[in-house]
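Student: Hi, could you walk me through this one? I'd like to go over the parts and how they meet.

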Amino acid sequence: MSKIVGVMLTLPFDNVFDYKAPDEVKIGDIVRVPFGKKHEVGIVFKIGATALLEEKKIKSVTEILPYTLKPEFIKFIEWTAKYNMASVGLVLKMALCAKNAFDNPKLHILYRLTGKTLAEAKLKNSDARWHVIDLLKHAPYSKAEIMAGAGVSAGVINTLIDSGILEPVAVQPKIQAQHFNFNASHVLLNEEQQVAADFLRAHQNIGFNVTLLDGVTGSGKTEVYLDTAISTLKQGKQVLILVPEIALTTQWLKRFEQCFGTKPYQWHSALSQSERKNTWQAVISGEAKVLVGARSALFLPYNNLGLIVVDESHDITFKQEDMVNYQARDMAVLRAKCENIPVILSTATPDLETIVNVEEGKYNTVKLINRYASAEMPDIQIIDLKKDKPQKGDWGASWLSPSLCTALEENLQKGEQSMLFLNRRGYAPLLICRDCGSRLQCPNCTAWLTEHRAQNRVICHHCGYFTTTPKCCPDCGSENGLTACGPGVERILEEVKFRFPLAKAEIISSDTANSFKAISEVISKMQNKEIDILIGTQILAKGHHFPMLTLVGIIDADLGLMGNDLRAQEQTFQLLSQVSGRAGRGDKKGTVYLQTLYPENSVLKAIVSQDRQSFIANEKQTRRMLCLPPFGKLAAIIVTSSNENAAQKTAFLIAKTAPHEQGVQLLGPAPAPIYMLRGKFRYRLLFKTLKTINIQSLLQTWLTHLNYPSNVHVEVDIDPYSFM
Ligand code: ADP
Ligand code: ZN
Ligand code: ZN
């Protein structure tokens with residue numbers, strides 16, 4: 001008997017395709033089906049036919065894989081697609097992202113007794129043979145296990161197989177379940193932490209709810225949410241901890257292991273194919289009890305999820321702008337809602353959206369207002385670069401003001417550690433020719449090339465294009481015209497080495513940190529006090545705990561404030577507060593120096609006085625006035641094409657057909673700030689509505705019926721973070 005089912009494929013479609021399938025197939029089953037010339041994996045989304053095809057034209061499902069997605073998860077996939085205006089197929093693709101998990105799982109061969117005796121097989125009794133038979137009375141084992149367990153050679157086993165006393169059985173390799181030792185060494189919470197932990201435990205079994213765990217840097221938020229995680233695990237449920245990818249270092253993992261006596265499963269972009277496969281299978285089978293992962297871990301098929309934690313929930317890397325645009329913090333809340341479980345958002349600098357949700361009573365909150373133990377919040381001092389000008393030296397231009405240099409010198413004398421923060425990779429953000437004024441530009445993007453001197457390369461940070469740093473100016477041929485403009489972390493390292501030749505200085509940025517191993521190495525060196533001055537990009541802001549770090553220097557506090565996008569102020573506040581939060585986490589108090597040309601800037605003032613309340617109040621007022629998120633809704637529409645004219649025409653067509661109603665406004669089209677990206681021309685439109693309007697359904701009716709050439713791509717980014 002067979003029936004017709006609708007299969008959703010992992011391709012950019014919203015609709016299902018019809019296939020014949022055996023009767024026992026049910027919704028959620030993962031199947032393989034013929035599609036075009038290939039075979040594709042998909043899930044059974046619907047029972048019954050959708051298209052009106054002749055029965056004989058409908059192909060059959062070729063394979064039913066031994067996995068089924070739960071209804072709660074399917075609902076989440078559909079809602080995610082709808083909210084973010086992505087196709088269901090592409091969201092499903094994120095869920096089935098371990099392709100080789102569906103290839104024939106390698107079978108594992110074990111041996112068991114057939115019941116035939118040694119006498120029947122005309123074999124002599126020997127100790128070795130008896131040891132094997134004894135061992136296999138309890139359970140089947142692999143050859144290697146038998147050799148080890150019975151202390152025999154492979155020859156003994158082969159004889160037993162050949163004579164029919166042992167027979168092979170093929171089994172799916174068993175996935176190692178995690179074993180927890182809860183008494184390992186979970187810390188004793190202090191009073192404030194205990195209050196927070198009690199609150200979270202009390203909200204653990206009441207279904208969906210969101211709690212903001214709002215605690216200053218170093219207050220022990222991790223210890224508090226691990227407490228809830230433990231109690232969830234004790235109920236046999238799975239726990240998902242989402243972290244910014246870069247925070248997944250050995251430091252965090254070690255701490256986890258100390259607490260649980262075992263490693264968590266991990267999910268991030270550096271996993272190998274086979275690790276992805278193992279983890280995916282362990283997640284769906286429920287063997288993986290705790291998973292720590294980057295934002296994409298949210299789309300794994302947990303079988304029994306009991307808790308989601310979003311650590312550093314303010315972090316902008318939770319926003320994905322690739323294939324499917326989504327904000328993982330918000331989608332974590334959505335997933336928790338689908339699964340009817342609690343979610344914890346943990347941060348020292350909550351975003352305005354979360355704060356407003358707390359104020360409106362949609363989210364709970366618990367606070368930790370003190371650093372753990374004797375650690376105090378650091379002193380924050382502003383250095384006015386107009387008065388305290390960096391002084392040139394033998395090495396050339398300088399970016400460290402005299403007062404910062406003095407402070408660094410004193411800190412070195414005391415044998416304490418320092419950190420310099422500059423959110424710019426490479427040596428210099430730009431190369432200019434002094435003779436003709438031309439600048440090195442990326443051939444594929446409207447962007448300058450960054451000099452990476454250590455690699456002798458210039459690199460585009462938007463598309464990855466690189467080439468050897470030219471010796472002469474490509475425009476005028478001048479031999480020594482090309483000059484580095486401005487600093488990147490490599491250049492700061494150069495200056496530090498000149499000024500403090502005896503100090504052990506190192507750099508950490510996403511270049512160093514191509515592999516987790518590289519980051520982890522620098523971080524453990526820092527922990528072991530093998531580094532005096534650590535220089536780095538925003539990687540330094542995330543969650544690290546260095547008790548001997550007492551000085552933080554922010555080279556250019558104005559950098560983030562220059563962009564005029566809607567979150568520039570908020571992101572600068574968060575980033576600088578987080579970086580500052582690295583100082584003085586042990587028993588010595590720390591000092592933070594902020595170098596700026598604009599000491600009167602209100603964001604910097606709020607950081608200095610550590611006055612989050614007044615910063616938030618200001619920010620809220622501005623956004624409310626301008627009807628920006630969370631007080632209004634925004635969607636970016638990005639039109640790209642390798643044909644400039646087609647891109648422009650489509651952008652204007654979109655504008656012309658925009659809905660006109662109360663409470664909606666369209667800005668643009670305008671050429672995007674990065675007009676050309678990866679060789680494609682780009683236009684942007686910004687669609688703004690009141691909070692009460694369903695922005696997705698407006699966009700849906702407006703954009704889906706539009707006719708534009710197939711070489712143009714139109715993408716929607718709901719609640720955009722990047723305006724480039
Ligand atoms: P946060 O995540 O709020 O920045 P952490 O959880 O990293 O803070 O805690 C800072 C440091 O203090 C960590 O080394 C942590 O192990 C330690 N700590 C926090 N609370 C306790 C506690 N109750 N007992 C022992 N150590 C603690
Ligand atoms: Zn030139
Ligand atoms: Zn480029």
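Student: What domains does the domain assignment give for the protein chain?

Tutor: The assignment, which is automatic or comes from a database, gives domain 1 (2-102), domain 2 (108-171), domain 3 (191-373), domain 4 (375-424 + 491-621), domain 5 (425-486) and domain 6 (632-718). This is a predicted model, where local features need pLDDT of at least 70 and side-chain atom pairs count only at pLDDT 80 or more, while totals for chains, interfaces and linings use all residues. Residues are numbered from 1 along each chain as its sequence is written, chains are lettered from A and ligands numbered from 1 in the order in which they are written, and side-chain values use heavy atoms, with hydrogens and water left out.

Student: How far apart are the C-alpha centres of domain 3 and domain 4?

Tutor: Those centres are separated by 27 Å. Domain 3 puts 31 residues into the contact and domain 4 puts in 30 residues, where contact means heavy atoms within 4.5 Å.

Student: And how much area do domain 3 and domain 4 bury between them?

Tutor: About 2600 Å², with 55% of it on carbon and sulfur atoms. Buried area here is the accessible area (1.4 Å probe) that two parts lose on being put together, summed over both.

Student: Which polar links and salt bridges cross the interface of domain 3 and domain 4?

Tutor: The rule finds three salt bridges across that interface, each being a side-chain nitrogen of Lys or Arg within 4 Å of a carboxyl oxygen of Asp or Glu. There are also 12 residue pairs in polar contact, both residues at pLDDT 80 or more. A polar contact is a pair of N or O atoms within 3.5 Å; within protein, one must be able to donate a hydrogen and the other to accept it, and residues adjacent in sequence count only if both atoms are side-chain atoms.

Student: Which elements give two or more residues to the side of domain 3 that touches domain 4?

Tutor: Those are helix H8 (250-260) and helix H11 (352-359). H11 gives the most, with five residues. Helices (H or I, at least four residues) and strands (E, at least two) are DSSP runs, numbered from the N terminus.

Student: Switching to ligand 1: which residues come nearest?

Tutor: Of the 17 residues around ligand 1, the nearest are Leu 188, Gly 218, Lys 221, Glu 223 and Arg 255; a residue counts if one of its heavy atoms lies within 4 Å. A polar side-chain atom of Arg 255 is 2.6 Å from an oxygen atom of the ligand. For His 545, a polar side-chain atom is 3.1 Å from an oxygen atom of ligand 1. In the side chain of Gln 193, an N or O atom lies 2.9 Å from a nitrogen atom of ligand 1.

Student: Now the backbone. Where are the cis peptide bonds?

Tutor: One joins Pro 629 and Pro 630, with omega about 5°. Pro 630 sits in the loop between helix H17 (612-626) and strand E28 (632-641). Another joins Gly 668 and Pro 669, again with omega about 5°, and Pro 669 belongs to strand E29 (residues 664-677).

Student: What about phi of Met 323?

Tutor: That phi is near 60°, a positive value in a residue other than glycine. Met 323 lies in the loop between strand E13 (319-322) and strand E14 (324-327).
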